[in-house]
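Please keep the sequence and the coordinates at hand while reading.

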2 protein chains.
Amino acid sequence: MVNQVQRVDGSFQASKSDSSGASNSGGESSKDSSRCSTPVLDADRTDRLRDKMRRRMESGDRWFSLEFFPPRTSNGAVNLISRFDRMGSGGPLFIDVTWHPAGDPGSDKETSSMMIASTAVNYCGLESILHLTCANQTKEQITGHLAKAKRLGLKNIMALRGDPVADVWEEEECGFNYATDLVKHIRWEFDDYFDICVAGYPTGHPEAESYEVDLKHLKEKVDAGADFIITQLFFRAESFLKFVKDCRAIGITCPILPGIFPIQGYQSLRQLVKLSKLEVPEEITSVIEPIRDNDAAIRNYGIQHAVGMCRVLLETGDVPGLHFYTLNREVATMEVLKQLGLWIEDPRRPLPWALSANPKRKVEDVRPIFWASRPKSYIYRTQDWDEFPNGRWGNSSSPAFGELNDYYLFYLKSKSSKDDLLKMWGEELMNEESVFEVFTNYITGQPNHCGHKVMCLPWNDDPLAPETNLLKDELEKVNRRGILTINSQPNINGKPSSDPIVGWGPPGGYVFQKAYLEFFTSSENVTALLKVLKKYEPRVNYHIVNVQGKNTTNAPDLQPNAVTWGIFPGREIVQPTVVDPVSFMYWKDEAFGLWIEQWAKLYEEESPSRMIIQYIHDNYYLVNLVDNDFPLDSCLSQVIDDMFELLDAPLEAME
Amino acid sequence: MVNQVQRVDGSFQASKSDSSGASNSGGESSKDSSRCSTPVLDADRTDRLRDKMRRRMESGDRWFSLEFFPPRTSNGAVNLISRFDRMGSGGPLFIDVTWHPAGDPGSDKETSSMMIASTAVNYCGLESILHLTCANQTKEQITGHLAKAKRLGLKNIMALRGDPVADVWEEEECGFNYATDLVKHIRWEFDDYFDICVAGYPTGHPEAESYEVDLKHLKEKVDAGADFIITQLFFRAESFLKFVKDCRAIGITCPILPGIFPIQGYQSLRQLVKLSKLEVPEEITSVIEPIRDNDAAIRNYGIQHAVGMCRVLLETGDVPGLHFYTLNREVATMEVLKQLGLWIEDPRRPLPWALSANPKRKVEDVRPIFWASRPKSYIYRTQDWDEFPNGRWGNSSSPAFGELNDYYLFYLKSKSSKDDLLKMWGEELMNEESVFEVFTNYITGQPNHCGHKVMCLPWNDDPLAPETNLLKDELEKVNRRGILTINSQPNINGKPSSDPIVGWGPPGGYVFQKAYLEFFTSSENVTALLKVLKKYEPRVNYHIVNVQGKNTTNAPDLQPNAVTWGIFPGREIVQPTVVDPVSFMYWKDEAFGLWIEQWAKLYEEESPSRMIIQYIHDNYYLVNLVDNDFPLDSCLSQVIDDMFELLDAPLEAME
């Protein structure tokens, strides 16, 4: 694409401090320069939601979005958040979280609408819309919710009236009677900060005088400042298409997204219909009633019906995206999306790690490798930073990590129950070798001696990443002998950025990695390792630390070592992961802490199992190794082999 | 080397804002973090002179340094500065510039001591010492000189008394009578900012009561705050060695550097001896007198004598470095240094371009590629920046370039005379092809039709760099056809950082480049080129601009493109050169301006030759091309071939 960059001679030249041609001192005029401060690998990342929609519509890309409601329990929250991660991987343009007035929706409770939406944005990296209803609330309360949402990094609001407390609706003086009032209030108090979505009713709002009056109200909401419309669910494509036509006829020009409700069960359909006062068409009831007790059959029908309706909608060319009422369930919606070809199996990653969607972090593009498997912990511990590392880790002016005094934070909890963890990690440990076995089984994916697969470890909440799988044989061998690996990556010497396993960033680029290995091991092993490492100077950088913080390293001047980087057309170099000696000292507290918090505490105090884990915690070292010679075959495996050879040799070799 | 980084648990942990274990907000405590803000590729770069000396002494590396005096004329200044560049390439630890009270030494004149030292530091990247004498000056004058030196980026002062105006020395009330007073004054007014050097007299100061009294004065100077001593010249190694022994005996512990004076001619020796009131030993006069009219013979003797004396000094092991009185000449000193093995033929480059020695620029590690052959112009135009790009060009907050309204600045002048330039670039140009030929001859190194080699071009003050030579055949071919290349680099896919031609940075690293080509060419060529470039999307990035600023590019969002980078053990990635679209618009003014200022103005107004250059200036485009696919063979030559093929094709192909 050729850009005639007229602005280089227009606005750009005009930005110079003095057009008289006199010498330009440079310092003053720099603020209004057109240059960007970050390579912007992914335009989507910095755009606001309405701009993303616009760009998708311009390019003809269709999207989908997903609606969830807040959970009732803390366990439900943990489950919902891992659902966000799984469903987020399919590439929704956004998700939205409903507002439940009865559930203290604006509070700090882990189950509140506000906190669930915040978690989606900050920890799952999902563009999110928070619903907000105005019925029965004061202006001050509403403003308070909005200010809090803004503070938490939320950028989009679905402005709704909400249901009256009483059965009959009474207009309040000075209050909010309609969603329009809420839209106006948001724009009045927060100017253009939020993107605002409003609800449309393809068959008219149940309380509206008429379909036409309801359309008029919708027009008022849009005129008041709404950016796009999501509709209530409907059962026939025609209803939606007529609705869009009628909206356009009265001058509503913004995007209108159909709300798709895949029927997932007889009870949930009945309940929803009751709430929304919709009528289910006869062609549907006639199919469903006969199979009302067969959940699987109803779900299959619901998928088939939704796919059919969505195909009709998409084929018109007038529907830019589909909004799904998921009912917090995965299977039906994912199936519909897969059949429509909208589910993105392998979304392009702008960076090797998942970005947070908080606007405060939009320039962030460097992180320490240590939290690779615990990104939520990293985000939590850095949430108060004023600036985020961009370009270079070393340029960060905010190196202090928040304390991890919150193992109980719901989004850091293990998804597995205590029982499951005991099955995976051993009801009873005999010795250190029992621990080696757990690590080895995690790597190999083989069931342990009780027949259970080890699906996670305290440091890895998920099964082995495809990339780590590249090293599986090597890792198995060393874990068996007590090199307890918790993080690793192979070296990569210039693979295309489109590589399905190690690729990231825009097309046409090349990605690189230095081989990395991080593990716990005994002090005997460390003594031998340090001797061996002398042979690998300066090829291998290492940091070795125990729980007391006794630290040995050959890192020059405590500088970070870039271990993942990418070279892209027309861009500066991006180095998204580093081994940073300073943050390693914060990470070691967390990494050692997990032995106790997640593993030792599964067992009774004073029990042998607990004492074994405590012993490892107290006596093992945490080691990281980087092989700087990324164009050659990694030598890290050889380093470990050399270490064992030295240990196996007659005693005098150790002198 | 293993560092037991105790500070990670000591000072480092203590730098956290709160030791109570409460959550750390990160913002406050960041200032006192131990992290560095730059990868520090070269420790020498950030150390002060006395620290560099200490590190060299610890490691047993011997060094040399060079003394120059300020020139009398502006042409002399141009010559001296190119001498700095040539002699700087041999790796002196520092140079020093003498202070000539009669020559308005503290002024802004291009020949003043102050400006010559500033040029050495800022434009030639040389660690420099400015001499300063205190005789006959007020405290205010002295302070003024020192403040100015500091402002200009000078960090080292040689504190001298200087000669009295009258023949007989009289102590002044409240003035500076001795160098000791000056040392004290510098420390009083500027604390520890400057490194201070003082003079030592191996055979005693000519005006001192005695050798012993003189030693006592020297001790006072050191006690007052001097960091090291450089001695007056001497003719016998024993004189220096005895002097050092005597200094140590009275408690002088700082480095003492011998001042070496290679005898270069009979007259200069006589003059110096008269000034310094030294006696030339009989073993020298007896050799010299008979050959007093044979300059070459005397110089050869001088070299031989100096080498012999230096060998004796170095072999004692007590002499860490040698200081040379060059008399602003190159040959003798270089020859002595080469024979001693101290001249570094191929100094390791910390970055691909030469660093400025101004402390303000010490973090600078990214520059636009455009000024590769005109680094002094780049330094001049960015001298007022408050910050220098570090890590990423895009992070720079100082993108505004100073105007280049100073083609007459002495250090930007061509080293060649108008006559020489006319011989190289043509007494008379016939047409555009005459210009093509000049460019082609510059590339090939072949003499032009009048028998003159083209040693420089307005955009390239020096013959072709070894790196560009790699592309010589390609460049010759395209210049012949009117692709007038002014800057280029080949692609490099991971060569060792020790590579003699393209290597830079610390050992054990790998350097990379994207192929780059920059040239002037006609608008007809540009039209065809733009058609051809469509086939090379997104592999090739381009910027095409004419003198009016009509600009065509496919650079995404005006982002810079990194074209040189290096990966090093234990460090973040360094990307020292970028193609930056914003600074390209500043560069194009300079690049087009050079046609007129340096070339057209050689000819009479209205002359055909001048009109040809003016035509090119008015009608040609400046083009830069980057091939982003650095692991593949560069396609840029193919792009140009395709362009010519299109131009050579029947007309309809151009449609």
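In which loop of chain A is the place of Asp191(A)? This residue of the predicted model belongs to the loop that runs between α7 (179-190) and β6 (195-200) of chain A. Its phi is positive, at about 50 degrees, although Asp191(A) is not a glycine. Most residues other than glycine have a negative phi, and most peptide bonds are trans. Asp191(A) has a relative accessible area of 59%, above the 50% limit, and therefore counts as exposed.

A second residue with a positive phi is Asn136(A), which is not a glycine either and has a value near 60 degrees. Asn136(A) is placed in the loop between β4 and α6 (139-151) of chain A. Its relative accessibility is 40%, so Asn136(A) is classed as partly exposed.

The backbone also contains cis peptide bonds. In chain A, such a bond joins Glu537(A) to Pro538(A), with omega about -10 degrees. Pro538(A) is found in the loop between α19 (523-533) and β15 (540-546) of chain A. In chain B, the peptide bond from Glu537(B) to Pro538(B) is cis, and omega is near -10 degrees. Pro538(B) lies in the loop between α19 (523-533) and β15 (540-546) of chain B.

The strands of chain A come next. Strand β4 (residues 128-133) pairs with β5(A) in the parallel sense, over five bridges. Within this pairing, Leu130(A) has Ile157(A) of β5(A) as its bridge partner. How many of the five residues of strand β5 (residues 156-160) of chain A are buried? Five of the five are, so the strand is largely enclosed by the rest of the structure. Asn156(A), Met158(A) and Leu160(A) point one way from β5(A), whereas Ile157(A) and Ala159(A) point the other way.

An open sheet of chain A consists of five strands in the order β10-β18-β17-β13-β12, and its pairing is mixed. β10 and β12 (492-496) of chain A stand at the edges with a single partner strand each, so one side of each has no neighbour in the sheet. The pairing of β10(A) with strand β18 (residues 574-579) of chain A is parallel and extends over two bridges. There, Arg367(A) stands opposite Thr577(A) of β18(A).

At the level of domains, the assignment for chain A gives domain 1 (58-340) and domain 2 (367-411 + 487-648). The centres of domain 1 and domain 2 of chain A, taken over C-alpha atoms, are separated by 42 Å. Contact between the two involves nine residues of domain 1 of chain A and six residues of domain 2 of chain A.

Aromatic side chains form another theme. A search of the whole structure finds 65 aromatic pairs over all chains. One of them joins Trp371(A) and Phe401(A): the ring centres are 5.0 Å apart and the planes lie at 10 degrees, so the pair is stacked. This pair links distant parts of the chain, for Trp371(A) is in the loop between β10 (367-368) and α14 (375-381) of chain A and Phe401(A) is in the loop between α14 and α15 (418-425) of chain A, 30 residues apart. Both Trp371(A) and Phe401(A) are buried.

Phe630(A) and Phe512(B) have ring centres 6.2 Å apart and planes at 20 degrees, so this pair is stacked as well. The pair crosses between chains, from Phe630(A) in the loop between β19 (621-627) and α22 (636-648) of chain A to Phe512(B) in strand β13 (residues 510-513) of chain B. Phe630(A) and Phe512(B) are both buried.

Ring pairs also build a cluster that includes Phe370(A), Trp371(A), Tyr378(A), Phe401(A) and Trp587(A). The charged end of Lys150(A) lies over the ring of Tyr193(A), 4.6 Å from its centre. In chain B, the charged end of Arg481(B) sits over the ring of Phe644(B), at 3.9 Å from the ring centre.

Finally, the largest nonpolar core has 174 residues, of which Trp459(A), Trp595(A), Trp599(A), Trp459(B), Trp595(B) and Trp599(B) touch the most other members. Beyond its neighbours within four places in sequence, Trp459(A) is in contact with residues including Phe439(A), Ile486(A), Phe520(A), Trp587(A), Trp595(A) and Trp599(A).

Conventions. Residues numbered from 1 in each chain as written. Chains lettered and ligands numbered in written order. Predicted model: local features only at pLDDT ≥ 70, side-chain atom pairs only at ≥ 80, totals over all residues. Heavy atoms only, no water. Core = buried A, V, L, I, M, F, W, Y, C linked by side-chain atoms within 4.5 Å. Buried < 20%, exposed > 50% of the residue type's maximum accessible area, 1.4 Å probe, protein only. Contact = heavy atoms within 4.5 Å. Phe/Tyr/Trp six-rings, centres within 6.5 Å; stacked < 30°, edge-to-face > 60°. Helix = DSSP H or I, 4+ residues; strand = E, 2+ residues; numbered from the N terminus. Lys NZ or Arg CZ within 6 Å of the ring centre and 35° of its normal. Pairing = 2+ DSSP bridges. Domains from an automatic or database assignment.
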